[in-house]
Protein chains: 2
Amino acid sequence: MVDIATRVYNHKWKIDPIIRSLIDTDFYKLLMCQSVFRNKPDTIVRFSLINRTKSIRLADLIDEGELREQLDHIRTLRLSRGESTFLRGNTFYGKRQMFRPDFMEWLERLQMPPYHLEKRDGQYELTFEGKWPEVMLWEIPALAVLMEMRSRAVLARLGRFELQVLYARAMTKLWEKIERLRRIERLKIADFGTRRRHSFLWQDWCVQAMIEGLGDSFTGTSNCLIAMRREVEAIGTNAHELPMVYSALAETDADLARAPYQVLADWHEEHDGNLRIILPDTYGTEGFLKRAPDWLSTWTGIRIDSGDPVQGAETAIRWWQDRGEDPKKKLVIFSDGLDVEKIEELHRRFFGRVKVSFGWGTMFTNDFRGLVADDALAPFSLVCKAVSANGRPTVKLSDNPLKAMGPADEIARYKRVFGVGEQTPYQVVV
Amino acid sequence: MVDIATRVYNHKWKIDPIIRSLIDTDFYKLLMCQSVFRNKPDTIVRFSLINRTKSIRLADLIDEGELREQLDHIRTLRLSRGESTFLRGNTFYGKRQMFRPDFMEWLERLQMPPYHLEKRDGQYELTFEGKWPEVMLWEIPALAVLMEMRSRAVLARLGRFELQVLYARAMTKLWEKIERLRRIERLKIADFGTRRRHSFLWQDWCVQAMIEGLGDSFTGTSNCLIAMRREVEAIGTNAHELPMVYSALAETDADLARAPYQVLADWHEEHDGNLRIILPDTYGTEGFLKRAPDWLSTWTGIRIDSGDPVQGAETAIRWWQDRGEDPKKKLVIFSDGLDVEKIEELHRRFFGRVKVSFGWGTMFTNDFRGLVADDALAPFSLVCKAVSANGRPTVKLSDNPLKAMGPADEIARYKRVFGVGEQTPYQVVV
């Protein structure tokens, strides 16, 4: 029996929207948004899309009109009643009413702000400028739209069975990874793959596969919509965006040196437990920890997001020991460039010494490497970053000089202020 | 949107029937049935299921009640109006009205005859005794039911995603075979995999994959229902059953020696062109061809179904040359134990010397080797054969002594009558 109603319903869409919900985004965006909404609601921030993989000429692959349709569609979305009920009523990290009523009222009325789109040298310049709590919510859907439109452009060339076999191969590949992960005792791993996913449906499939394949070892997903639909934990704390904007707003070098800690002081006021995770690498992990106030060492854990993860975790362990904390009671979250081998290696090395957890991103939700001709579906390095705040450029250094961002003179100034010396470069895969 | 009607429809079945149509069978069964219906309508034949893979204890795996339900369901089936129209109106092998009106009227009224089922030593004894044109139609559905119930018994242990990944792997495996076959220039290959298929839906998927993957190189399917639904050629000519029963009916050794040729004389009257394919191995290819009447050498081709296929084809080529025929104009169909390597090898060796064609069976529609624990879905060697005719045992020798069937004294007599000497054994895979 053909379900005529479903077919008619599917065909009445002018487009097939990629983003169909305001909460199809990373959970930490909402957490940070609430913090920004309270502390810096009127800061004017500019976000910009940056394709670090120049060989992929997005503007040649993706039609501008279709891209605009997808972005315009996002501007028609509003928080639905069910989504609002979920955010208001759900327990996140063991806490009810994580989101304050004033923030929820604002979010319920939110329309995504305008975007600015231009083509240049085979790439898209896509920027969002406006009040920080509004424009920051563009990051994840903008990345997901570009990633999925690129997937669609490649998939459009394939036949019906080629498509089915492509997904069969991708499923097999992921399942083999899950089977390997299943062998790691007392693994804790979460989905961090929204921004660079192959597609929404694929991420949703991957999460369900993890639920069945890993059971309790799968701790949840950073995707708020999928967490709601699949009834798993929504996972996430905070990101580089906060210290980058706080730092750009600093008037003096002394203010600048204090800015990253001010971010966490604001966070400390609002959150406790597993939400108190330090992201120390924005301007160099080593110096950040050395100069950190004592209350920071009482936080729950550290997320390692750039540089050599072994070195990062060893640095964190030494720091906790120096501050009289027991590393065994601390959580280390690895989230940079992970795939199964790396996860196995890091777990082997650190399990038992600290509480270990993994935030698995691109190679979880977008490992289509080697599956089509010319590797045309391999993931690539697309980011969407806060590039200025109140007209002043932002800077990111991280523990990998290849990931540094910002004007050269400002990078030099930040290196001086934060005491960052020579850094080892690591190939950025995705 | 849930399609409530479809769900209710699916749930109202007491069982999930494996065979849902009388033409979900091999096309040659219908061709042979028409021949038998005309020439030997009242012969009483007994068919019996034989599991040559004793290690698979079917009666432990498959519930007897459920097996009876499946077999009983087949006895409720009647040729549908659309199926009858297809058989009456379609062009088979370039010929319209392949099936005579009297045969079609009989087939439209046909109910499958009773079966006899017993458990013994962990196996099922499943036999069908009655008029030859009726009982012969049990062979394919009986095999397909047992094969699929075995698959279901194994699949019942798997979780939802394990199932999805299992099929993803099977699809990938088949598609990789198709990609290799695509590289063989001017390949001609057909689906012969109904009897030992993993399941009906899987065979249907495999055929569609071949249509997309191989284009014109895929010449059709032996499955009549799938040929109708997917609008490809129905493929098939004749099988061992005919000479086996004709031979069992022979009163004297002289009659016996003539019987295999009488089969083809009856066939010759009715069919021409691509339907005139000799299956010479029932009592040894070598002797069969040596003693064959001259008119047989004018037939279109030979099917090689046991023994060493290279040797079989070389024997056929020499025979045609001896009889003054041009082998280049003759068709050799390979149909025994094929997989991609063997197809590549045989094509390389014989393409250009004869017209080469392949009937790909079990490793096409049931290659689930290595996909689940204990290889519990690997195909196995199940056959359903005519074992007696009017109370006299049938005998098959073939070109492989491991495939011989019948009482020992009768085998000895047949070997004497047909002048079969020492034979080389070949491992029977499936």
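Which residue does UniProt list for "modified residue: Phosphohistidine"? In an unreviewed entry, UniProt lists A:H240; such annotations may be inferred rather than shown by experiment, feature names are shortened, and positions are given in the numbering used here.

The structure is a predicted model, in which local features need pLDDT of at least 70, side-chain atom pairs count only at pLDDT 80 or more, and totals for chains, interfaces and linings use all residues. Residues are numbered from 1 along each chain as its sequence is written, chains are lettered from A and ligands numbered from 1 in the order in which they are written, and side-chain values use heavy atoms, with hydrogens and water left out.

**View 1. The surroundings of A:H240 in chain A.** A:H240 sits in the loop between α11 (224-230) and α12 (241-249) of chain A. Helices (H or I, at least four residues) and strands (E, at least two) are DSSP runs, numbered from the N terminus. The relative accessible area of A:H240 is 4%, so this residue is buried (buried means under 20% relative accessible area, exposed over 50%, partly exposed in between; 1.4 Å probe, protein chains only). Leaving aside residues up to four places away in sequence, A:H240 touches A:L279, A:D281, A:T282, A:D305, A:K385 and A:K396. Contact means heavy atoms within 4.5 Å.

**View 2. The place of B:T237 in chain B.** B:T237 belongs to the loop between α11 (224-230) and α12 (241-249) of chain B. B:T237 counts as buried because its relative accessibility is 8%. Residues up to four places away in sequence aside, its contacts are B:Y28, B:L31, B:M32, B:W267, B:N274, B:L275 and B:I277.

**View 3. Helices α2 and α12 of chain B.** The axes of α2(B) (residues 27-39) and α12(B) come within 11 Å and cross at roughly 25 degrees, so the two helices are roughly parallel to each other. Axes are lines fitted to C-alpha atoms, for helices over the stretch in contact, and angles run from 0 to 180 degrees between N-to-C directions. Angles under 35 degrees count as roughly parallel, over 145 as roughly antiparallel, 65 to 115 as roughly perpendicular and the rest as oblique. B:K29, B:M32, B:V36 and B:N39 of α2(B) meet B:E241, B:L242 and B:Y246 of α12(B).

**View 4. An open sheet of six strands in chain B.** The strand order is β7-β6-β11-β10-β9-β8, and the pairing is parallel. Two strands pair if DSSP finds at least two bridges between them. At the edges are β7 (218-221) and β8 (277-278) of chain B, each pairing on one side only. Three bridges join β6(B) (residues 189-191) to β7(B), and B:A190 stands opposite B:G220 in β7(B).

**View 5. Helix α17 of chain B and its cover.** In α17(B) (residues 340-350), the buried residues are B:V340, B:I343, B:E344, B:L346, B:H347 and B:F350. Among the elements covering them are α9 (160-182), β6 and α16 (309-322) of chain B. After α17(B) comes B:G352, which has a positive phi near 100 degrees.

**View 6. An open sheet of five strands in chain A.** Here the order is β4-β5-β1-β12-β13, with antiparallel pairing. The edge strands are β4 (116-120) and β13 (392-393) of chain A. Five bridges join β4(A) to β5(A) (residues 123-131), where A:E125 is the bridge partner of A:E118. Helix α4(A) (residues 64-76) lies across β4 and β5 of chain A, running at about 160 degrees to β4(A).
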